[in-house]
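Student: I would like to learn how to read a structure of this kind, feature by feature. Can we take the features in turn?

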Amino acid sequence: MTNRSLTLSKPSAESFCSIELTGSKSESNRALILNALSKGKVGIRNLSSADDTAVMQESLKNAADHAPLINIGPAGTAMRFLSAYFAVTGTETTLTGTERMKQRPIGILVNALRELGAIVDYAEEEGFPPLAFHKGFSQKNNKINIRGNVSSQYITALLLVAAALPEGLELNIEGELTSRPYVEMTLSMLSEAGISYQWKENVILIPSRDFGDALITVEPDWSAASYWYSIAALSDAAAIKLPWLKKSSLQGDSRISSIMEHFGVSTEFTDGGIEISKVATGIKGDLFDLKDCPDLAQTVIVCSAALGHNATFTGLETLKIKETDRIAALQNELGKIGVKLHEDNGFYHLDCSGLHFPEIVRIDTYEDHRMAMAFAPLALKIPKVIIEDPAVVGKSYPSFWNDLEKAGFFIIDN
Ligand SMILES: O=C(O)C1=C[C@@H](OP(=O)(O)O)[C@@H](O)[C@H](O)C1
Ligand SMILES: C=C(OP(=O)(O)O)C(=O)O
């Protein structure tokens, strides 16, 4: 899709459909590193169709072909996981990304990699991509301290390569750990690939070890499912099937099912996936902590705003360093429907007292897929929702607009 904007409308406020979601980009990008490190012993089924996964796959191939420059665009996981992979495999290349990627901090990971023995330089600004990796890795150290409150992706990056280090790795996580379920996902996937670990309090220990033969099946993406929960919550009636999602998921974003119970959406888990239904109109719960599932923040905040529910949110500290400053982006765009999002010492309060639904609203997306997808369900309340730069959704959910059409949304390319 190359259009500059699209106009969404939804003639009926009822949503009945079945949508096959693509695989989790988080699981896929971990699996690709495990596949590369294990030299193919770890196989993958149901890889995500997300651009972030395609770019990860392409980058690993380009690195094997000795490409001097690798550009991962806006993919944070690819930037962080490949940094650890190139560092410890002594791959000679420079890793770069979009202008926004060059503003997303990486110093904590680079310091850790240097302590391990990697030879890596900043190609432009200290603390930020692009990074230049050099040959000649030899492990100097196997005990590393790392801050846990900026991005769990630095920790995952180190854990993914830990077993391939001659002396393994003991990682001491300092301070609070943000996005913890993503670290748990990494460790579970390592176990699937035959790598054992111990996690006691703040210390994760992974001994040096060869990968076993394994076939990793990637579950569909729960972050993508969250937009369907929001659609159900904003519909008058809804029953939406999402095949192959599991109750015992590795993805922390599966907690959207319990969060959305507060917004009147119930989830039935079956062997073949889930079915979500609109069951109530009353909303319960006014404090939501999203530290474990930051990628749900936009979905839940926009949904709560559109329902006129003055909820409070915590755990949003990392949102400012994602694809855009997501707090500022939410404040700007929610303002277009009269809703305010105030920060008070780590508490973010929605004030829906001025909520109104205009005939038409134009939503800017800030090069952030989740801005486009979180605001799209507003078409259930507003006759015309114009989404700028709709192609951004490709980062994690390329078929998002086609799937909305299957659910009865009308889409006009502008
Ligand atoms: O490890 C992962 O796959 C991810 C971790 C999270 O990042 P942070 O750890 O930076 O919060 C999340 O926001 C991102 O979309 C994917
Ligand atoms: C933050 C995200 O991705 P990343 O950090 O991998 O760019 C996201 O998908 O919401």
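This is a predicted model: local features need pLDDT of at least 70, side-chain atom pairs count only at pLDDT 80 or more; totals for chains, interfaces and linings use all residues.

Student: Is Arg 370 buried or exposed?

Tutor: Burial is read here by counting C-beta atoms around the residue, and 20 or more within 10 Å means buried. Arg 370 has 31 other C-beta atoms within 10 Å, so it is buried.

Student: Which residues are around ligand 2?

Tutor: Around ligand 2 are Ala 75, Gly 76, Thr 77, Asp 295, Lys 322, Glu 323, Arg 370 and Ser 396. By class, this shell has one nonpolar, three polar and four charged residues. Gly 76 and Arg 370 are in the shell, and the record includes both under "binding site".

Student: Which residues are around ligand 1?

Tutor: The shell around ligand 1 consists of Ser 26, Thr 77, Ser 151, Ser 152, Gln 153, Thr 156, Thr 178, Ser 179, Tyr 182, Pro 294, Asp 295 and Thr 318. These divide into two nonpolar, nine polar and one charged. At least three residues come from each of domain 1 and domain 2. Thr 77 and Asp 295 are around ligand 1, and they are also listed around ligand 2.

Student: Which helix gives the most to the shell around ligand 1?

Tutor: Helix H5, residues 152–162, gives the most, with three residues. H5 is mostly covered, and 11 of its 11 residues are buried. Among them are Gln 153, Tyr 154 and Leu 158.

Student: How many residues of domain 1 are in contact with domain 2?

Tutor: A domain boundary can be described by counting the residues on each side of it. Here 20 residues of domain 1 are in contact with 24 residues of domain 2. The side of domain 1 that touches domain 2 has six nonpolar, eight polar and six charged residues. Taken over C-alpha atoms, the centres of the two domains are separated by 30 Å.

Student: Which residues have the most contacts inside the largest nonpolar core?

Tutor: In soluble globular proteins, nonpolar side chains tend to be buried together. The largest nonpolar core here has 70 residues, and Trp 228, Phe 375 and Ala 376 have the most contacts inside it. Helix H7 (residues 222–234) supplies the largest share of this core, 10 residues. A second, separate core has 65 residues, including Ile 33, Ala 36, Phe 86 and Leu 250.

Student: What is there to note about the backbone at Pro 129 and Pro 130?

Tutor: Most residues other than glycine have a negative phi, and most peptide bonds are trans. Pro 129 and Pro 130 are joined by a cis peptide bond, with omega about 0 degrees. Pro 130 is in the loop between strand S6 (120–122) and strand S7 (131–133).

Student: And what is phi of Lys 39 and of His 66?

Tutor: Lys 39 has a positive phi, near 55 degrees, and lies in the loop between H1 and strand S3 (42–45). With 8 C-beta neighbours inside 10 Å, Lys 39 counts as exposed. For His 66, phi is near 65 degrees, also positive. His 66 is in the loop between helix H2 (51–64) and strand S4 (69–71). His 66 has 9 other C-beta atoms within 10 Å and is exposed.

Key:
Residues are numbered from 1 along each chain as its sequence is written. Chains are lettered from A and ligands numbered from 1 in the order in which they are written. UniProt positions are given in the numbering used here, feature names are shortened, and annotations may be inferred rather than shown by experiment. A residue is buried if 20 or more other C-beta atoms lie within 10 Å of its own, exposed if 12 or fewer, and partly exposed in between; C-beta atoms are placed from the backbone. A nonpolar core is a set of buried Ala, Val, Leu, Ile, Met, Phe, Trp, Tyr and Cys residues joined through C-beta atoms within 7 Å. Helices (H or I, at least four residues) and strands (E, at least two) are DSSP runs, numbered from the N terminus. A residue is near a molecule or strand if its C-beta atom, placed from the backbone, lies within 6 Å of it. Ala, Val, Leu, Ile, Met, Phe, Trp, Tyr, Cys and Pro count as nonpolar, Asp, Glu, Lys and Arg as charged, and the others, Gly among them, as polar. Domain bounds come from an automatic or database domain assignment. Two residues are in contact if their C-beta atoms, placed from the backbone, lie within 7 Å.
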